[in-house]
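Dear colleague,

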Amino acid sequence: MNQLDEQINYWKKSAERNWKTVLSLFKNKHYDACLFFCHLVIEKLLKGLAVKQTKKPAPYTHYLEELVKLIKLDLTENQINNLKIITDFNIAGRYDDIKFAFYKKCTKKYTEKYFKICE
């Protein structure tokens, strides 16, 4: 296995492991963390695709829309808007000053909606 294949495999396996975390967090009603990990799963899958297509290491970005543009995925406007919202889960999950507001926003209904989109 060459270095690029190893990187692609890393991103895929890491995303699979994080998806198990998503399922556990959702089941245990840790909705804000669940959505944060949903973002990580999508980011890692997109980074694996970026490595596969560009033959270069994955870029240092958390912005899903940038990754989609890099790999030239043809998405609908609705899918792109969802990716923008999902990218915000990453920001909201990292910074203490907005974590509480995000926590309050992450009701079961809100989380179920984006959990299904991410799935």
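**The largest pocket**

The largest pocket has a volume of about 290 Å³. Please keep in mind that this is a predicted model. Fourteen residues line the pocket, and those nearest its centre are I42, L46, L83, I117 and C118. Helices α2, α4 and α6 each give two or more residues to this lining. By residue class, the lining of the largest pocket is made up of 11 nonpolar residues, two polar ones and one charged one.

**The nonpolar core**

The largest nonpolar core has 26 residues, and within it L35 and C38 touch the most other members. At least two core residues come from each of α1 (3-27), α2 (31-54), α3 (64-71), α4 (77-92) and α6 (108-118). The largest share is that of α2, with eight residues.

With neighbours within four places in sequence left aside, the contacts of L35 are F89, F102, C106, Y110, T111, Y114 and F115. Of these, F89 falls within the span of α4 (77-92), while Y110, T111, Y114 and F115 fall within that of α6 (108-118).

**N82**

Is N82 buried or exposed? Its relative accessible area is 13%, which is under the 20% cut-off, so N82 counts as buried. Not counting residues up to four places away in sequence, N82 touches Y114 and I117. Y114 is also in contact with L35, and I117 is among the residues nearest the centre of the largest pocket.

Regards

Note on methods:
Residues are numbered from 1 along each chain as its sequence is written. This is a predicted model: local features need pLDDT of at least 70, side-chain atom pairs count only at pLDDT 80 or more; totals for chains, interfaces and linings use all residues. Side-chain values use heavy atoms; hydrogens and water are left out. A nonpolar core is a set of buried Ala, Val, Leu, Ile, Met, Phe, Trp, Tyr and Cys residues joined through side-chain atoms within 4.5 Å. Buried means under 20% relative accessible area, exposed over 50%, partly exposed in between (1.4 Å probe, protein chains only). Helices (H or I, at least four residues) and strands (E, at least two) are DSSP runs, numbered from the N terminus. Contact means heavy atoms within 4.5 Å. On a 1 Å grid over the protein atoms alone, a cavity is a set of points where a 1.4 Å probe fits but cannot get out, and a pocket is an open set with protein on both sides within 12 Å along at least five of seven lines; lining residues have an atom within 4 Å of a point. Grid points are joined across faces, edges and corners, and a volume is the space filled by probe spheres set on the points. Ala, Val, Leu, Ile, Met, Phe, Trp, Tyr, Cys and Pro count as nonpolar, Asp, Glu, Lys and Arg as charged, and the others, Gly among them, as polar.
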